[in-house]
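Subject: Structure handover

Hello,

Please find the structure below.

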Amino acid sequence: MAVLAASILVIVQLLTVSCVQYGPAPQLTENGVAVNITDEAVTDLMIFPDPLPFYMFMYHGAVANFTYSIVCDSFDRFYELHVFTEMPDVAFLSQPGLFNLTCEDMEGGFPHPRRDAMIVSGTFNISLQSDLLGRTWLYIDSPSVNITSESNSTNDGSDKEIGHFRLRMMITVVRALRALDTVVQIVAYVFIVTSTIGMGCSTDLDVIKEVLKRPIAPIIGFVCQYLGMPLIAFGVAKLVKFENPAVGLGIFACGFCPGGGPSNIYTYLLGGDLSLSVTMTTISTIAALGMVPLWMFTLGKQFHDDKMQITIPYLSIVQTLATVILPLLVGIFIKYKCQKLAAIIMKVIKPVTLVTVALLLGFGIYANLYIFRLFKPPTLLAGCMLPYIGYVIGGLIALTCRQPWYRVKTIAIETGIQNVMVAYLMLLMALPPPDGDLAAVGPAASACMTPLPLFVLAIGYTIYLKCTNQSYAHVQGGDTEIDANGNARPGGSTQRGKDKENGVKADMLASGDSQVVDKLTAV
């Protein structure tokens, strides 16, 4: 749930505005206006937004200014305008949407070059109120407008046709950066850096080497994480219909950001292979530097609509990934080169984590309450489908490859649980507002839905162990067993066989796993 508290970095960007005027069969002219005549044409009504582009802050009001030009052949002629927005939950009119442009000031105009009429110009304003962030079209419609073909024009006006006039202007609503947002963002980065350094300090490379001596399970997990899950995420993002494609991109991004810390905790609680879990988490975190940009630059470009075209900067993605990978490497370095400092970090990591999580859950959720309004049913559905399908597919692939049950559980958990915090911050940093903010809704929804089945299973499994008088010492699989005090020691069938033949050894492995379990229990 801490991902919901991550601060949203907002950089107000100038919006893209499309101005279109069209009839039944639109045809673009040189000035970007579309009319319903296949030749060059001029309408009796022309409207131009001023200035362009137009953007608003969330929960604020604004006034859009327009310049118009109308053809008047009598004082009693008027042009009826119907104004509305495509998505009222993004922005809506704070004034009546129906009004007229009249020819009362016909004498102040200038003569029409080809007709016995006057051209009158003027301005009008439209008051708007924004609600949620996003993009929406503002439409200005006028029925029954004369359209004249310039190539076949006549002075008596017999060449006129009746068409439908429409102007379409994009309105982009972004968030204003507040001091509270900056504070929460700093706390979020402190949380990521400190927890990742702590993970590095608790990572025993000897345990990872031991697991990699039998690489079948890590290879299966890697394929599930970086091939299976991205394809599943892409399918879910395309199958579920979102109001904004940026949300679909957020769901897709969750699919190739594995290595979430909770996977180690649930592996421990559900009797999986803790050593394999830690190994998969470490490998997937380091591999993200290449695999995340690969998927973003291939299938990630498929998410767009008529209001947005996503461009993905590689540098921003690398910078976000560096906030996770570098602290992990620093933590590993400290563990082996500065053991006293590593011991101090492991003592400090628990209170620091508790304080940062409390701040994120408190101030972070308050600062980002709007995100809960963006949790539409399709978003929640996708947030459920992605991890749940991942659990099933990961487990089935592991079973197909004839892995033991404790590793099947581990691979299933590691496949379904994603590092949503990395996906969240990556999207905010890489995409301009409001695309980054909207895309971050996907990871937030996935973060809420992902742990639900595992949490229920963990409670049920704990009750089962209590009722059968078992402890985690008897159910932990792999090369590590957990005793009644929560400490790790060499175990598993392979390790026990080595101990029987060569005597008790691998004390370093046991010590390393003990630090892992202590860290997981603290989190």
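The sulfur of Cys 448 lies 9.7 Å from the closest cysteine sulfur, that of Cys 384, so the gap is too far for a bond; a disulfide is a pair of cysteine sulfur atoms within 2.5 Å. Cys 448 has a relative accessible area of 12% and is buried (buried means under 20% relative accessible area, exposed over 50%, partly exposed in between, with a 1.4 Å probe and protein chains only).

This is a predicted model, in which local features need pLDDT of at least 70 and side-chain atom pairs count only at pLDDT 80 or more, while totals for chains, interfaces and linings use all residues. Residues are numbered from 1 along each chain as its sequence is written, and side-chain values use heavy atoms, with hydrogens and water left out.

Cys 201 counts as buried at 1% relative accessibility.

There is 1 disulfide in the structure. It joins Cys 72 to Cys 103, with an S to S distance of 2.1 Å. The torsion about this S-S bond is about -80°, so the disulfide is left-handed. Both Cys 72 and Cys 103 are buried.

The largest nonpolar core has 101 residues, and Ile 47 and Phe 66 have the most contacts inside it. A nonpolar core is a set of buried Ala, Val, Leu, Ile, Met, Phe, Trp, Tyr and Cys residues joined through side-chain atoms within 4.5 Å.

Regards
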